[in-house]
Amino acid sequence: GIQVSYLMWGLMQERIMTKPYATGELFHSSKFLVFANRFLALIVAWVSYRLQRMQGQNLAHTAPLYMFSYSSVSNIMSSVCQYEALKYISFPTQVLSKSCKMVPVMMMGYLVSRKQYSLFEYIVAIMITAGAALFKLYETNDAPVKDTEFVGVAFILGYMVCDSFTSNWQSKVFKQYNV
């Protein structure tokens, strides 16, 4: 179920950002898409919170609210970068680049939490990244965005950095404050 949801979400992302509408114009405001997504998430979170409170669950935590702001901002930035990248790279390229996210996640894990990884884990991450890069080099492309542009690669790198920070920062806060 969740895999189908992610697939549909990705296909809709590509459709919205790369296909011209009847007027011939493209949808330009990735920030609006991120805002709409986060606004809907806020409504779902509020409803969930209210339902849990009605059931008498204790939802208090000890983490200061500002600690969540860092991952919130990086999550928003990763989404903006992800949508903007679709203007300059194909959706298959974006999906393939996400499979290379292990290296930035490991690097950010070390920077944020001083997490240590084994040599084997580093080798596996580098091999997966190299395999994805080789696959991309020999790709035949029939996507709406034909050629990968440098700015698209920069947006994907921005996405990877921000998304890697988000997950590692959340883990740090959850462990530190027992959330």
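**Exercise 1. Find the backbone atom that the side chain of Thr-166 reaches, then describe the surroundings of Thr-166.**

Step 1. The side chain of Thr-166 comes to 3.3 Å from the backbone nitrogen of Asn-75. This is a polar contact, that is, a pair of N or O atoms within 3.5 Å; within protein, one must be able to donate a hydrogen and the other to accept it, and residues adjacent in sequence count only if both atoms are side-chain atoms.

Step 2. Thr-166 also has a polar contact with the side chain of Ser-74, made by its own side chain at 2.6 Å.

Step 3. Now list the contacts, meaning heavy atoms within 4.5 Å. Leaving out residues up to four places away in sequence, Thr-166 touches Ser-71, Ser-74 and Asn-75.

Step 4. Helices (H or I, at least four residues) and strands (E, at least two) are DSSP runs, numbered from the N terminus.

Step 5. Thr-166 is buried, at 4% relative accessibility. Buried means under 20% relative accessible area, exposed over 50%, and partly exposed in between (1.4 Å probe, protein chains only).

A note on the model before you go on: it is predicted, so local features need pLDDT of at least 70 and side-chain atom pairs count only at pLDDT 80 or more, while totals for chains, interfaces and linings use all residues. Residues are numbered from 1 along each chain as its sequence is written, and side-chain values use heavy atoms, with hydrogens and water left out.

**Exercise 2. Work out how many salt bridges the structure holds, and trace the partners of Glu-84.**

Step 1. Apply the rule: a salt bridge is a side-chain nitrogen of Lys or Arg within 4 Å of a carboxyl oxygen of Asp or Glu. The structure holds three of them.

Step 2. Glu-84 pairs with Lys-31, with N and O 3.6 Å apart. This pair links distant parts of the chain, with Glu-84 in helix H3 (residues 66–85) and Lys-31 in helix H2, 53 residues apart.

Step 3. Glu-84 also forms a salt bridge with Lys-87, at 3.1 Å between the closest N and O atoms. Together, Lys-31, Glu-84 and Lys-87 are linked in a network of salt bridges.

Step 4. Check the cover. Glu-84 is buried, with a relative accessible area of 7%, whereas Lys-87 is partly exposed at 25%.

Step 5. Asp-163 and Lys-101 also meet in a salt bridge, at 2.4 Å from N to O. Asp-163 belongs to helix H7, and Lys-101 to the loop between helix H4 (91–98) and helix H5 (102–113), 62 residues apart. Both Asp-163 and Lys-101 are buried.

**Exercise 3. Locate Arg-114 and Asn-178, and give their phi values.**

Step 1. Arg-114 is not a glycine, yet it has a positive phi of about 55 degrees. Arg-114 lies in the loop between H5 and helix H6 (119–137) and is exposed, at 52% relative accessibility.

Step 2. Asn-178 has a positive phi near 55 degrees, again in a residue other than glycine. Asn-178 is in the segment after H7 and is exposed at 72%.

**Exercise 4. Describe the setting of Val-179.**

Step 1. Val-179 lies in the segment after H7 and is partly exposed, at 46% relative accessibility.

Step 2. Not counting residues up to four places away in sequence, Val-179 touches His-61, Ala-63, Phe-68, Val-173 and Phe-174.

Step 3. For a sense of distance, Val-179 and Val-153 are 26 residues apart in sequence and 35 Å apart in space, C-alpha to C-alpha.
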